[in-house]
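Here is a short briefing on one protein model. Start with the sequence and the structure below.

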Amino acid sequence: VNLVPWGLRLAMSASSAEAPRTTDEFTLPVSCESVEAQAADHARKGTCDNINAPCVSNSPVRLECQVIDLVELTEDHDVLVVGS
């Protein structure tokens, strides 16, 4: 999870597009053609410290999440509460 400043919002939005698994989301174009979009910062690809995943290296806040357990829910239960 990358929390980005206002200047990176368009690049982060572009990286959330539906794309094939083999597509590098950091290479997707920002779809907005406004002057603001052209002047916007670009998300720089980095490597996470604790998990095997890419990250936005110029994001001031990054949460690296690791799967500990997968819980299958039944059809009649669609709520899961997780806590420690």
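The side chain of N58 reaches the backbone oxygen of H42 at 3.1 Å. That pair is a polar contact, meaning N or O atoms within 3.5 Å; within protein, one must be able to donate a hydrogen and the other to accept it, and residues adjacent in sequence count only if both atoms are side-chain atoms. This is a predicted model: local features need pLDDT of at least 70, side-chain atom pairs count only at pLDDT 80 or more, and totals for chains, interfaces and linings use all residues. Residues are numbered from 1 along each chain as its sequence is written, and side-chain values use heavy atoms, with hydrogens and water left out.

**Around N58**
- N58 sits in the loop between β3 and β4 (61-62).
- A polar atom of the N58 side chain also lies 2.9 Å from the backbone nitrogen of R44.
- N58 touches L8, H42, A43 and R44, leaving aside residues up to four places away in sequence; contact means heavy atoms within 4.5 Å.

**Fold**
- The protein has two helices and four strands.
- Their pattern along the sequence is β-α-α-β-β-β.
- Helices (H or I, at least four residues) and strands (E, at least two) are DSSP runs, numbered from the N terminus.
- Take contacts between residues at least 6 apart in sequence: 43% join residues at least 24 apart.

**Surface**
- Of the 84 residues, 17% count as buried.
- Buried means under 20% relative accessible area, exposed over 50%, and partly exposed in between (1.4 Å probe, protein chains only).
- The accessible surface comes to about 7,200 Å², with 53% of it belonging to carbon and sulfur atoms.
- Areas come from the Shrake-Rupley method with a 1.4 Å probe; for residues, only the protein chains shown count as cover.

**W6**
- W6 lies in the loop between β1 (2-3) and α1 (9-14).
- W6 counts as exposed because its relative accessible area is 66%.

**Largest pocket**
- The largest pocket has a volume of about 240 Å³.
- A pocket is an open set of points on a 1 Å grid over the protein atoms alone, where a 1.4 Å probe fits, with protein on both sides within 12 Å along at least five of seven lines; lining residues have an atom within 4 Å of a point.
- Its lining includes M12, R21, F26 and K45.
- Strand β3 (residues 54-56) gives the most to this lining, with three residues.

Key
Grid points are joined across faces, edges and corners, and a volume is the space filled by probe spheres set on the points.
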